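This report examines one protein model, with attention to its helices, its surface and its charged side chains. Please keep the sequence and the structure in view while reading.

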Amino acid sequence: MKILKKILFFVSFFFLYFLVKEFLQLYTYLLGINEVLAIIVIAILFLVVIYFGIIPIIQIFILPADLGPTSIISEAESLRVKRIKKLRGNKFLKENNFDFTSIDNSEDSYNKIVAKLRPECERIRKKYINQVFYSTAVSQNGFLDAILIFSSAVNLVKEIFLLYHGRVNTRELFVIAKKVYYSVLIGGSEGIEYATEELFSKLATDTAKSIPFLDKIFSSLADGYINAVLLTRISLITENYCTMIYIKKDRDLYPSPSFVFKTAKDLTTDIFNSIKVNLVRITKEKTENLAAKAFNPVMLVLDKGIKSIKDNKQINSGKNAILNGIKNLGSIFNI
């Protein structure tokens, strides 16, 4: 297992090469248009990383480090008692008038509390998974994808920790950070989309296959979907750290690949339904009308999906601005 981890670590440098390559492509393209524009855009992206990435990381470290399971069975009961005592002061439970009168220190009581928190955790997860799916599908640049995945993953982890009013210890935090690191590299490399294009080909009917730029649409959707899957895995691992009391081994914290894909599929159902409807609509449009929009064709099938994301009041205006900015960058710098 240690050898495998070392291999994965060195393989990550291969993905890092592609990420740097994507950044250089973006910078070179901007530089070819205007030197000042290149500096401004890179500076804006740098500020985005600080505001939506670095600052949330600092906020995570400020949280009390008292979450996480134990691998010592004799400590499980005392940890559960401690966890229940802390959850009595949970902000979300108080705001939703959770009835603590029947709650004691039993395992059943703890499960009731977790069951109350789980739907809110699911809402947080869905918000960021759909956001990453859409934004990385339209960005069409690996470096922009990496920024979006990084900022979304950090804020997703932060919101889950805030929901459970704490964070895991520093060692476990770096375990989660490593998952984010690999997700950023894989998503930012743009290479994973080739392995998933076959999945999206199932969306195409014989009529839809007549669309001239269908391959480009599916490759962009594949890119967005696999990034959503990677983020789903991070969120599930983080939630397990916050809810599990006893584990036999660290592997217990990691969900199976089938469960991760099923969860991601359930969370992105609305977007896929919108894609299928829009594919049918596109086939009825005249070819010349489609050609006029071909600078970023994936926008044609995600048209309604972004509207549902924007309508989500839980996403702040700053995030909407980033989404709009990425959409425009993807349209202008179609690389």
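The model is predicted: local features need pLDDT of at least 70, side-chain atom pairs count only at pLDDT 80 or more, and totals for chains, interfaces and linings use all residues. Residues are numbered from 1 along each chain as its sequence is written, and side-chain values use heavy atoms, with hydrogens and water left out.

**Helix α6**

Helices (H or I, at least four residues) are DSSP runs, numbered from the N terminus. Helix α6 covers residues 142–163, which is 22 residues. From first C-alpha to last, helix α6 reaches 31 Å, close to the 32 Å expected at 1.5 Å a residue; the expected span is 1.5 Å times one less than the number of residues. A residue is called buried under 20% relative accessible area, exposed over 50%, and partly exposed in between (1.4 Å probe, protein chains only). Because 20 of the 22 residues of α6 are buried, the helix is largely enclosed by the rest of the structure. Ala146 belongs to helix α6 and is buried, with a relative accessible area of 5%. Just after α6, His165 takes a positive phi of about 60°.

Helix α2 comprises residues 35–62 and includes Ile62. With 67% relative accessibility, Ile62 counts as exposed. Ile62 also contributes to a nonpolar surface patch of about 810 Å², together with Phe46, Leu47, Ile50, Tyr51, Ile54, Ile55 and Ile58. Such a patch joins nonpolar side chains (Val, Leu, Ile, Met, Phe, Trp, Tyr) within 5 Å, taken from residues with over 30% relative accessible area and no salt bridge. Gln59 is likewise found in helix α2 and, at 36% relative accessibility, counts as partly exposed. The C-alpha atoms of Gln59 and Leu162 are separated by 9.9 Å, while the two residues are 103 residues apart along the chain.

**Charged side chains**

Side chains of opposite charge can pair when their charged atoms come close. A salt bridge is a side-chain nitrogen of Lys or Arg within 4 Å of a carboxyl oxygen of Asp or Glu. The whole structure holds 10 salt bridges, including those in the table.

| Salt bridge | N to O distance |
|---|---|
| Lys126 and Asp270 | 3.3 Å |
| Lys127 and Glu159 | 3.1 Å |
| Lys249 and Asp252 | 3.7 Å |

The pair of Lys126 and Asp270 links distant parts of the chain, with Lys126 in helix α5 (residues 107–139) and Asp270 in helix α11 (residues 269–284), 144 residues apart. Lys126 is partly exposed at 33% relative accessibility, and Asp270 is partly exposed at 47%. Lys127 and Glu159 also meet in a salt bridge. Lys127 lies in helix α5 and Glu159 in helix α6, so this pair ties together parts that are 32 residues apart in sequence. Lys127 is buried, at 7% relative accessibility.

How values were computed. Helix = DSSP H or I, 4+ residues; strand = E, 2+ residues; numbered from the N terminus. Patch = residues over 30% accessible without salt bridge, like charges linked within 9 Å, V, L, I, M, F, W, Y side chains within 5 Å. Areas by Shrake-Rupley, 256 points an atom, 1.4 Å probe, with all protein chains shown as cover.
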